[in-house]
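Subject: Structure for you to look at

Hello,

Here is the structure I said I would pass on. Please open it first, then read the notes below.

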Amino acid sequence: MAEHGLIFVISGPSGSGKGTVVDKLLESNEFVLSVSATTRAMRTGEIPDKSYHFLSREAFEEQIRNNGLLEYNRYVTGDYYGTLRSEAESAIAAGKDLILEIDVNGGLQVREKYPDTILIMMIPPSFQILEHRLRSRGTESEEKIQKRLQVARNELSQMHNYDYVVCNQEGPDGIEAAAKDILEIAHAERQRLDRNRDLIRSLLNQETKRGE
Ligand code: 5GP
């Protein structure tokens, strides 16, 4: 019911399951997902311009110079990740609620530009479970796993800057429940009084006319 598209940032460490929860949320057709740009190599199973816009380092740095990014960050791996202004702003202007699945650093940059951005942190039930989830992927070296755990601790330590926390419990029920929690947050945020001023004004206006 809100008067323009809202921005929902969903952050959380690798292994928090945010990608799977976001896929579930998109099934509701209530949101549009912003496809990020990155300089990292494409992984098997990823689809260009759906998973990410895969850019060369030169192309990404040109976007930075031309102010083409709403936010960006350089990850521990040395790769750039960022939200293209064109991608995000066209969705908001069309009145669609946008999901940005980005890190805390990026989330805080977006909030600076759009102060009514809603920041949601997805957390695992415990560090042990997070570590287990990262290891069970079986795709990364011990060194990389340790690096991701370090990044996770760092991200979670900045949680106090966020508005909501959603815990992704183990199993398929955990995914369903986390997606439901975020849908409920979104519904409540859309009902906020300050996001429905036109509706209230028009109601009060009718009341005044009848009473004249
Ligand atoms: P991955 O390489 O596993 O796809 O993503 C690594 C990290 O980059 C994740 O924490 C993810 O949230 C973050 N990330 C993905 N897209 C963006 C983006 O557009 N901006 C920022 N700041 N972080 C992003």
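With which residue does Lys 24 form a salt bridge? The partner is Glu 27, and the closest N and O atoms are 3.3 Å apart. A salt bridge here is a side-chain nitrogen of Lys or Arg within 4 Å of a carboxyl oxygen of Asp or Glu.

This is a predicted model, where local features need pLDDT of at least 70 and side-chain atom pairs count only at pLDDT 80 or more, while totals for chains, interfaces and linings use all residues. Residues are numbered from 1 along each chain as its sequence is written, and side-chain values use heavy atoms, with hydrogens and water left out.

The count comes to 14 salt bridges. Lys 24, Glu 27 and Glu 176 are linked in a network of them. Lys 24 is partly exposed at 25% relative accessibility, whereas Glu 27 is exposed at 56% (buried means under 20% relative accessible area, exposed over 50%, partly exposed in between, with a 1.4 Å probe and protein chains only).

Another salt bridge joins Arg 190 and Glu 30, at 2.8 Å from N to O. Arg 190 lies in helix H7 and Glu 30 in the loop between H1 and strand E2, so the pair ties together parts 160 residues apart in sequence. (Helices, H or I of at least four residues, and strands, E of at least two, are DSSP runs numbered from the N terminus.) Arg 190 is buried, at 11%, and Glu 30 is partly exposed, at 26%.

Lys 180 also forms a salt bridge with Glu 184, at 3.2 Å. Both lie in helix H7, four residues apart, about one turn of the helix.

Regards
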